[in-house]
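Thank you all for making the time this morning. I would like to walk you through one chain, so please have a look at the model first, and then we will go through it piece by piece.

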Amino acid sequence: MSNKGKKVKVHYTGTLDDGTKFDSSVDRGEPIEFVCMAGQMIPGFDAAVEDMAVGEKRTVHIPAAEAYGERDDAMVQKVPVDQIPNADQLPVGQTVYMMGPGGQPFPVFVQSIEDGIVTFDMNHELAGKDLNFDIELVEVED
């Protein structure tokens with residue numbers, strides 16, 4: 001039975017191939033809710049949940065291409081410090097939020113500030129990485 005188009009709740013724990021945990025709804029004590037196959041989740045996760053039954057547990061390996069995509073060097077931008085308000089306050093090695101063209105905030109990683117140039121990496125932090133998920137389907141609403 002397909003869960004496509006249905007609101008589902010799942011518990012999950014996400015790990016990298018080296019076993020590092022990057023996220024867990026179990027740790028938060030709150031399942032994640034989304035409409036299955038509506039593009040709200042990464043493609044591989046959606047596909048894994050599509051044919052699960054309530055109470056079923058599944059472990060899936062999702063290649064980078066079906067997760068957050070491959071790293072894209074074009075998403076690394078160099079901007080002169082004098083073009084950035086409060087550039088001296090940017091935290092190197094951390095993520096900050098910038099305003100996109102439509103006024104929506106988006107995360108960027110401050111990679112470095114050297115020789116008057118700030119290097120921003122706009123790739124998702126999990127881009128280029130294969131992901132593993134332990135998933136349990138908790139609820140399905142028709």
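Let me begin with how the elements are assigned: helices (H or I, at least four residues) and strands (E, at least two) are DSSP runs, numbered from the N terminus. What we have here is a predicted model, in which local features need pLDDT of at least 70 and side-chain atom pairs count only at pLDDT 80 or more, while totals for chains, interfaces and linings use all residues. Residues are numbered from 1 along each chain as its sequence is written, and side-chain values use heavy atoms, with hydrogens and water left out.

With that in place, the protein chain has two helices and nine strands, and, read from the N terminus, its elements follow the order β-β-α-β-α-β-β-β-β-β-β.

Now the overall dimensions. The radius of gyration, taken over C-alpha atoms, is 18 Å for the protein chain, whereas a compact globule of 142 residues would come out near 14 Å, the globule rule being 2.2 Å times the number of residues to the power 0.38. Along the principal axes, the C-alpha atoms fill a box of roughly 55 × 35 × 30 Å.

For burial I use relative accessible area with a 1.4 Å probe and protein chains only: buried means under 20%, exposed over 50%, and partly exposed in between. By that scale, 32% of the 142 residues of the protein chain count as buried. Contact, in what follows, means heavy atoms within 4.5 Å, and, among contacts in the protein chain with a separation of 6 or more, 62% are between residues 24 or more positions apart.

On charge, counting Lys and Arg as positive and Asp and Glu as negative, with His and the chain ends not counted, and placing each charge at NZ of Lys, CZ of Arg, CG of Asp or CD of Glu, the protein chain carries 11 positive and 26 negative side chains, and the centres of the two sets are 6 Å apart.

Let me turn to the aromatic residues. Rings of Phe, Tyr and Trp (its six-membered ring) pair if their centres lie within 6.5 Å, and planes under 30 degrees apart count as stacked, over 60 as edge-to-face and the rest as tilted. The structure holds five aromatic pairs. One of them joins Y12 and F133, whose ring centres are 6.0 Å apart with the planes at 65°, so this pair is edge-to-face. Y12 sits in strand β1 (residues 7–16) and F133 in strand β9 (residues 131–141), and this pair links parts of the chain 121 residues apart. Y12 counts as buried at 5% relative accessibility, and F133 counts as buried at 5% as well.

F133 also pairs with F45, with ring centres 5.0 Å apart and planes at 85°, so that pair is edge-to-face too. Since F45 lies in helix α2 (residues 43–50) and F133 in strand β9, the pair ties together parts that are 88 residues apart in sequence. Y12, F22, F34, F45 and F133 form one aromatic cluster.

Staying with α2, its buried residues include G44, F45, D46, A48 and V49, and the buried residues of this helix pack against β1, β3 (32–35), β4 (57–62) and β9.

Which residues does V118 touch, leaving aside those up to four places away in sequence? V118 is in strand β8, is buried with a relative accessible area of 0%, and touches Q77, K78, V79, V81, I84, L90, V110, S112 and I113. Its C-alpha atom is separated by 34 Å from that of F45, 73 residues away along the chain.

V26, by comparison, belongs to helix α1 (residues 25–28) and counts as partly exposed at 48% relative accessibility. Not counting residues up to four places away in sequence, V26 touches H11, Y12 and T13.

Finally, two backbone details. N86, although not a glycine, has a positive phi of about 60°, and N86 is found in the loop between β5 (76–80) and β6 (95–99). D115, also not a glycine, has a positive phi of about 50°; D115 lies in the loop between β7 (105–114) and β8 (117–121) and counts as exposed at 81% relative accessibility.
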